[in-house]
Amino acid sequence: MDKFTNSAWFMRIVAFALAALLFISINFEMESDKKSLGLSTAPEISTETIENVPVEVYYDRENLVVSGVPETVDVTLKGAKSLLINAKNQRDFKVYVDLSDPAISMGDRTVTFKISELNEKLVATIDPEYAEVNVQERVTKEFSVEAEYNSSLLEEGYTAGQPTVSPKTVKITGAKDAIEQISYVKANLEISKGLNETVNSKATVKALDRDLNKLDVTIEPSSVAVSLKVSIPSKTVSIEPKQTGKAKDGIRITSISVDPKEVTLFGSETSLEKIDEINLPVNISKIDGDTELELDLNKPESVQKMSLGKAQVRIRTEKVDVDEENAEPVVEEEEPETEQKQEEQVVEEKPEPEEEDEAAAIESKTFNNIQIVPVGMRDDQDAELESDVTSITLLGEADDLKKITKDDINLTVDVSNLDEGTHDVDLAVTVPEGVEWELDSKTVSVTITQKDEET
């Protein structure tokens, strides 16, 4: 054994084995160091799809309109994983379509998507690869706006006028083909409940073709002010007191009067045509003497509403002797005695007319269809009254009331400080001295609109 280990060949084999082990160890450590320092020569390749990447379009926006370019596309990137992660998180690249060539022709064309500002070590694929676009001349034209609303929402009995629009025209900009397709320019008044009052609101303007399809255009202004006057037909009729029941013994009803003498009814025209008066039942069975009552007015079923719900009733009476009332008249034979009794009777009856005159000293007189005049209107405004006439009742002595005519009564409404819109404004009343007045309503609804500028 010692002879073998001391031989030259043994020493050569051992030296070779040690050299091989040393070589393998050194190469293993070098590879480990390269990986730890990121010096691997074979990086990991991967792919990543980024969805909904915005598309930019370059073209002459002042003179052209381009349609058909999708708003977003999907981009698939291929490359080193570390670079993909960075691109996905930062999205520092752009996808665009270039139509900026001044010599570009109008019409349909196919364009490819391009990508910029992407790391050159990444490969990009865009889905879709191209788009079918349309290039048209940019046109601006002025159109009149027509307001519309759902007329089925009007409550029973109510009517609506023609809606008004401010401004009446708009400017519409778009592709020449789209502008030529415009058949209607509508401002739809959005109403979600029954219509029973005037509406003032904003409405969005839409441009539609002949089939009522919305067109892709720009409208300036995009919304307009719409006013829709809603009213209800009215009719003024007399209030007729109707005596019911039987008067108590010893009481005679001399007169029954009502104040006011008229009431305004609101409803459909067909319903109002059938009504000429409102009956007011007055039960006299519990009347002991001169009485004033406040009684409810019965609204007919076909009427939507009335201007008032109650009325004042004045009852005048006189006391009578039951026996004398039922006794047979006696005819005396002696003429002088008969004349003397007649004279006595006349003397006894003289105070009674004076009492009646004193009780009826204050009377009422109603004037219908008195004109309401707006005052203080500015030159740039229009004022529209919901109702420009009304009724007024004057209270005073009979002699004074007889002298008063419609020309002596002035009803005005001050609109000098009102802005655009609908307002409830107090009525100003001017009547002759010595009389008082009553109105069914002391206010009136006034709609203020701006006058159109003259062109």
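View 1. Glu-180 is exposed, with a relative accessible area of 57%, where exposed means over 50%, buried under 20% and partly exposed in between (1.4 Å probe, protein chains only). Glu-180 belongs to helix α4, residues 176-181, with helices (H or I, at least four residues) and strands (E, at least two) taken as DSSP runs numbered from the N terminus. Together with Asp-108, Glu-132 and Asp-177, Glu-180 gathers in a surface patch of negative charge; patch residues have over 30% relative accessible area and no salt bridge, like charges being joined within 9 Å and nonpolar side chains (Val, Leu, Ile, Met, Phe, Trp, Tyr) within 5 Å. This is a predicted model, in which local features need pLDDT of at least 70 and side-chain atom pairs count only at pLDDT 80 or more, while totals for chains, interfaces and linings use all residues. Residues are numbered from 1 along each chain as its sequence is written, and side-chain values use heavy atoms, with hydrogens and water left out.

View 2. Val-139 lies in strand β8, residues 130-144, and counts as partly exposed at 22% relative accessibility. Leaving aside residues up to four places away in sequence, Val-139 touches Ile-172, Thr-173, Gly-174, Lys-176 and Ile-179, a contact being heavy atoms within 4.5 Å. The C-alpha atoms of Val-139 and Gly-174 are separated by 5.6 Å, although these residues are 35 apart along the chain.

**View 3. The salt bridge between Lys-186 and Glu-148.** The side chains of Lys-186 and Glu-148 meet in a salt bridge at 3.8 Å, N to O, the term requiring a side-chain nitrogen of Lys or Arg within 4 Å of a carboxyl oxygen of Asp or Glu. The pair links distant parts of the chain, 38 residues apart, with Lys-186 in strand β13 (residues 184-188) and Glu-148 in strand β9 (residues 146-148). Lys-186 counts as buried at 13% relative accessibility, whereas Glu-148 is partly exposed at 32%.

**View 4. The salt bridge between Asp-296 and Lys-310.** In the salt bridge of Asp-296 with Lys-310, the closest N and O atoms are 2.3 Å apart. Asp-296 lies in strand β22 (residues 291-296) and Lys-310 in strand β24 (residues 310-319), so the pair ties together parts that are 14 residues apart in sequence. Both partners are partly exposed, Asp-296 with a relative accessible area of 48% and Lys-310 with 41%.

Technical notes. Accessible areas come from the Shrake-Rupley method with a 1.4 Å probe; for residues, only the protein chains shown count as cover. Lys and Arg count as positive and Asp and Glu as negative; His and the chain ends are not counted. The place of a charge is taken as NZ of Lys, CZ of Arg, CG of Asp or CD of Glu.
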